[in-house]
Amino acid sequence: MRSIRSWGPAALAATVLAAAAALTFVAPRPALQPVAAAAETYNWRNVRIDGGGFVPGIVFNPGQRDLIYARTDIGGAYRWNPSTGSWIPLLDWVGWDRWGWNGVLSIAADPVQTNRVYAAVGMYTNSWDPNNGAILRSTDRGNSWSAYQLPFKVGGNMPGRGQGERLAVDPNDGRVLYYGAEGGNGLWRSTDYGVSWSRVTAFPNAGNYTQDPADPNGYLTGNQGVTWVEFDPSTGSTGSPTRTIYVGVADKQNPVYRSTDAGVTWQRIPDQPTGYLAHKAVVDPAGGFLYIATSDTGGPYDGGKGDVWKLSRSTGAWTRISPVPSTSADAYFGYSGLTIDRQNPGTLVVATQISWWPDVVFFRTRDGGATWSRVWDYNGYPNRVNRYTMDISANPWLDFNTAPSAPEQTPKLGWMTESLEIDPFDSDRMLYGTGATVYATTDLTAWDGATGTFTVRPMARGLEETAVLDLASPPSGPPLVSALGDIGGFRHDDLTAVPASFHDTPNLGSNTSLDFAEANPAVMVRVGNGDRAANPNLNRIGVSTDGGRTWYQGQEPGGVTGGGTVALSTDASAVVWSPQGAGVHFSTSRGSSWSPASGIPAGATVEASRSAASRFFGLAAGRVYASADGGRTFAAAASGLPSDGKLRTVGGDVWVAGSDGLYRSTDNGATFGRLASVSSAVNVGFGKAAPGRAYPAVFLVGTVDGVRGVFRSDDTGATWVRINDDQHQYGNAGEALTGDPRVFGRVYLGTNGRGILVADRTGPEPTPTATASPTATPTATPTASPTASPGPGGCSAAYRVTGSWQGGFQAEVTVRNTGSTPTSAWTVTWTYPTGTQVTQLWGGAHTQSGTTVTVRNASWNGALAPNLTTTFGLLANGNATPPSTVSCQRG
């Protein structure tokens, strides 16, 4: 299962981190950070899919039972929670400015101080990721982190990411760590628990293997570098660095190096096997062996030849122990996943790299590689005899809606199995990663019986790794329907349950866009990037008339190469499709025939009006195009909008979110007004209106008053509340966003690698007659009740402390127009005790003269209709006791 990343100018415009030698970064405490106007506490959780992407690394801490970590290529890192039987995400605090840190290239667990864990993070080593990578360190099993920013990039989603682990802790001296870098950056070492790092200048080889030096996109051109580090703990003693260290290098002629003096000097190991890359290595300290698994490429998608080798430390002899040697006529794969049974060190399991068809093959030895048994074999081709059974009842979609012919089976045992790990405390438990999930068995040794079989089940609850490309929450039917990279998407009738199957007929792989008819939501359309070369009868559009439960395949215009975007009229009478490879087309037969639309450029994104059946809109190169005849003809409308904008509609309005702000049109796209408080926007969506309101709630992923986050507005964007916090940022999120039309406050957020998030309000309903005034998330119980003063001329101000700590506090002031006419501006004044000083204020402009504080409205929140409110917030040093009097004046 290949991981998908959604590209666009907004992604490349992410803020570049300052190039410092060392950056200390602790996941921030959200209550101490300023938020735009106000913040409201929300409960964030995943919509359950379980898995959905490549898991290239699983790491058991050998010093503590059930302490297990998993790394993903675009979705962060996880820790296993044995009490709940689920994975805990560890990097949700990674924000847009460091989105690449959700690519995890390696994890290392300290086997002695078991609360310590380390991660090498960064997503791309080419220009796609603007930031350098980092080594993260934690002393509480990943609940919080500090970071050392590296002077180069890290490629958690680059070729070769399944090799490793590149990051390792010295089991005899936890102060010492090594990291094998990509890109010719060599081997790095820390001697202070990862606080600082330096290059090991004595290490002689930085690697030279690249998958394709001529790749014009730059993705395959990187040097895969130093690929793994393994210690032989028997060559050291507690408190002193381990003397023998093995290091793998992406160099087919020089793949393995060794130090026998704790890293002072390094040598290429004599007589080592050449011609292949050493993907994995494990040390048997009891027997004095090093085992390596090799393949002819760096993976994870390819590999056609390779071997398994064993080095004796005592004799220096290498022995090829391949289950199927590379010289055999039956060899069509290399080897990658490799694990040793720590309870019985002569027992190993190795996986093929790669055997897409008919299935991955595992081999098991109990005599150090002298003999092997296969996990499945032929009993007269094409019939198979398996030493395992599969139980996917927890995640039934893993059958991929397939019924293949023998020798293929469904579900597959695996693919892209770069990580294969036997529990160091339990010979019966083995975990392994695939391109879509984590599988596990708890009776592995049943393999050794003459006729016994072991059972494999998914172990992915809590691990959500889908790339979300579109979301729809219709007014009736299922609460959510999704379009996902790789695995298509789902109809979710229950957000807490894994759906039985993903969208099928047609099975489009990555679905890029979907829509429903606002007045007839049982009718839906979706489009995607299905492989027509592999399936010539495939058309890349599906239609449903039962709310996405079942689908049938439509037709497609000539020249289509990819899904693009699709829109469905409010009464389901017309479909407009803007596919890749062809111009915009319309259909009045729900996709059974198509005609070209005129007046709109190819590649425009398209949306339907949510109120007028005949109206459609398009956006291309910062210009809106409007159709009033069901998509037959379009006319150019407003221009000057963001070139990277996302077009969204609600009711009869048109909204555009882009890198320079948020825009709204109430005249069918002829003109747009810009919301002054929003300086940049990733996406905008709409949900159920607040009590007493007519206009739907507006949800935004963007920047409001200088704060980036997820926001909600109940008054058409006049005021905003932040509804996420700095612990819930999810990296590059927002490609897909929608509210729920049936549940006020609920929002669905699509991420690039952390699946679908759903968030609900945790507080009471807002007052129906006024703008909601939610509370900021406190770090302590508020110290006083709000202080309100009416002020002259129909203006009041309510001051309250929302959080306090030693020497400082956070407060919020709600300004209300209590008069009978609108305000154009307001001023709030109060007096603090001596020594109290405002250090930061948002939602207004302030001055402080001695103990007197004066706050005037910002440019966007001075106008208040009667009985409406706005808020501003502040941080201050000093006494948290609220002022006795707060005055408010209009004008």
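## An open four-stranded sheet

Four strands make an open sheet, in the order S14-S15-S16-S17, with antiparallel pairing. S14 and strand S17 (267-268) are at the edges; each has a single partner strand, so one side of each lacks a neighbour in the sheet. Strands are DSSP runs (E, at least two residues), and helices are runs of H or I of at least four; both are numbered from the N terminus. Two strands pair if DSSP finds at least two bridges between them.

Strand S15 (residues 245-249) runs antiparallel to strand S16 (residues 256-259), and four bridges join them. Ile-245 stands opposite Ser-259 in S16. Strands of a sheet pair through backbone hydrogen bonds, either parallel or antiparallel.

## Basis of the model

This is a predicted model, in which local features need pLDDT of at least 70 and side-chain atom pairs count only at pLDDT 80 or more, while totals for chains, interfaces and linings use all residues. Residues are numbered from 1 along each chain as its sequence is written, and side-chain values use heavy atoms, leaving out hydrogens and water.

## A buried strand

Seven of the seven residues of S22 are buried, so S22 is largely enclosed by the rest of the structure. Buried means under 20% relative accessible area, exposed over 50%, and partly exposed in between (1.4 Å probe, protein chains only). S22 runs antiparallel to strand S23 (residues 348-353), joined by five bridges. Within S23, Leu-348 is the bridge partner of Ile-340.

## The second largest pocket

The second largest pocket holds about 890 Å³ of space. Of its 34 lining residues, Val-59, Phe-60, Pro-62, Glu-230 and Arg-342 are the closest to its centre. Elements giving two or more residues to this lining include strand S2 (57-60), strand S14 (226-231) and strand S22 (334-340). The largest share, five residues, comes from S18. The lining divides into 26 nonpolar, two polar and six charged residues.

The search uses a 1 Å grid over the protein atoms alone: a pocket is an open set of points with protein on both sides within 12 Å along at least five of seven lines, a cavity is a set where a 1.4 Å probe fits but cannot get out, and lining residues have an atom within 4 Å of a point. Nonpolar covers Ala, Val, Leu, Ile, Met, Phe, Trp, Tyr, Cys and Pro; charged covers Asp, Glu, Lys and Arg; the others, Gly among them, are polar.

## Around Phe-60

Phe-60 is found in strand S2. Phe-60 is buried, with a relative accessible area of 11%. Its C-alpha atom is separated by 7.4 Å from that of Pro-424, 364 residues apart along the chain. Beyond neighbours within four places in sequence, the contacts of Phe-60 (heavy atoms within 4.5 Å) include Leu-67, Glu-421, Pro-424 and Arg-429.

The largest cavity contains about 130 Å³ of space. Among its lining residues are Trp-96, Arg-708, Asn-724 and Leu-749. Strand S54 (residues 707-713) gives the most to this lining, with three residues. The lining of the largest cavity has five nonpolar, five polar and one charged residue.

## The disulfide

The whole structure has one disulfide. Cys-795 and Cys-888 form it, with sulfur atoms 1.7 Å apart; the cut-off is within 2.5 Å. The pair links distant parts of the chain, 93 residues apart: Cys-795 lies in strand S60 (residues 795-805) and Cys-888 in strand S67 (residues 886-890). Both Cys-795 and Cys-888 are buried.

Note on methods: Points joined across faces, edges and corners; volume = space filled by probe spheres on them.
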